[in-house]
Amino acid sequence: MKHLICLLIATCFMPLSNYAQQNQFSPDMTKAKDAGTWTPVNREISIKDQVIHLDDKNGMGLLWLNELQFTNGEIELDIKGKNQQGRSFLGIAFHGVNDSTFDAVYFRPFNFNNPDRKGHSVQYISLPGNDWFVLREKWPGKYENSSQPVPDPDNWFHIKVQVKHPVVSVFVNNNSTPSLVISQLSSNKTGRIALWTGNTSGGDFRNLRISNY
């Protein structure tokens with residue numbers, strides 16, 4: 001009887017362990033040019049040592065990850081832009097429906113150390129309809145903030161975007177205090193994830209890890 005009870009307990013807990021493992025996903029960054037796994041939009045992709053580089057072009061750029069539908073959870077990765085005014089916008093898109101319908105969180109590294117503009121360092125947008133300029137005009141300071149701690153604008157820094165629809169929290173360099181907390185403006189609760197770059201911007205991305213709740 002004792003052995004039967006132990007077997008039943010082990011059987012009950014096994015699916016939970018398997019479920020947790022299945023909901024931790026780290027895509028192979030070396031396959032960023034694999035059309036079945038990733039889909040680029042308005043960017044050329046290069047790969048070196050598990051680092052994905054998106055080049056800079058006019059207009060927004062995306063690199064969609066096709067393997068996963070993301071609902072609630074955490075998206076973590078390292079990103080690197082540059083300290084060049086108006087030429088470095090990079091981050092992560094999520095709940096993507098198509099190339100023009102998604103939410104995103106991105107950073108402006110050139111504002112990190114600018115005392116007059118550091119409040120514009122990290123930004124949330126919800127497209128279509130709620131790009132940064134619309135949000136800044138309607139709700140100044142609500143959907144953007146400074147980054148804490150302040151990263152080096154020319155080097156790698158770590159970001160975590162935690163989504164518990166509709167609440168999105170953004171953490172920088174493993175800080176326990178979020179740099180930005182907002183309520184999503186989109187009603188989309190699930191969709192694809194993409195690496196994101198803004199107008200005239202490129203960027204480097206590595207160590208992408210996704211946890212679904």
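These notebook entries record what I looked up in a predicted model.

**Entry 1. Ground rules.** I number residues from 1 along each chain as its sequence is written, and my side-chain values use heavy atoms, with hydrogens and water left out. In this predicted model, local features need pLDDT of at least 70 and side-chain atom pairs count only at pLDDT 80 or more, while totals for chains, interfaces and linings use all residues.

Entry 2. I looked up the strand order and found an open sheet of seven strands, 2-5-14-7-8-9-10, with antiparallel pairing. Strands here are DSSP runs of E of at least two residues, and helices are runs of H or I of at least four, numbered from the N terminus; two strands pair if DSSP finds at least two bridges between them. Strand 2 (38-41) and strand 10 are the edge strands, each pairing on one side only. I noted five bridges between strand 7 (residues 90-98) and strand 14 (residues 191-197), in the antiparallel sense, with G96 opposite R192 in strand 14.

**Entry 3. Strand 9.** Strand 9 pairs with strand 8 (residues 101-107) over six antiparallel bridges, and F102 stands opposite L127. Strand 9 also pairs with strand 10 (residues 144-145), in the antiparallel sense over two bridges; there Q123 stands opposite E144. Six of the six residues of strand 9 are buried, so the strand is largely enclosed by the rest of the structure. I take buried as under 20% relative accessible area, exposed as over 50% and partly exposed as in between, with a 1.4 Å probe and protein chains only. V122, Y124 and S126 point one way, and Q123, I125 and L127 the other.

**Entry 4. The largest pocket.** I searched for open space and found about 290 Å³ in the largest pocket. A pocket is an open set of points on a 1 Å grid over the protein atoms alone, where a 1.4 Å probe fits, with protein on both sides within 12 Å along at least five of seven lines; lining residues have an atom within 4 Å of a point. Grid points are joined across faces, edges and corners, and the volume is the space filled by probe spheres set on them. Of the 18 lining residues, F89, Y106, W132, W196 and N199 are the closest to the centre. Strand 9 (122-127) and helix 2 (132-138) are the elements that give two or more residues to the lining, and the largest share, three residues, comes from helix 2.

**Entry 5. Aromatic rings.** The whole structure holds nine aromatic pairs, that is, rings of Phe, Tyr and Trp (its six-membered ring) with centres within 6.5 Å, called stacked under 30 degrees between planes, edge-to-face over 60 and tilted for the rest. W132 and F133 have ring centres 5.6 Å apart and planes at 85°, so I record the pair as edge-to-face. W132 is partly exposed at 34% relative accessible area, and F133 is partly exposed at 44%. Ring pairs also link F89, Y106, F110 and W196 into a cluster.

**Entry 6. Backbone.** Which residues does a cis peptide bond join, with omega about 0°? They are L127 and P128, and P128 lies in the loop between strand 9 and helix 2. A cis bond with omega about -5° joins Q148 and P149. T200 has a positive phi of about 60° although it is not a glycine; T200 is buried, with a relative accessible area of 15%.
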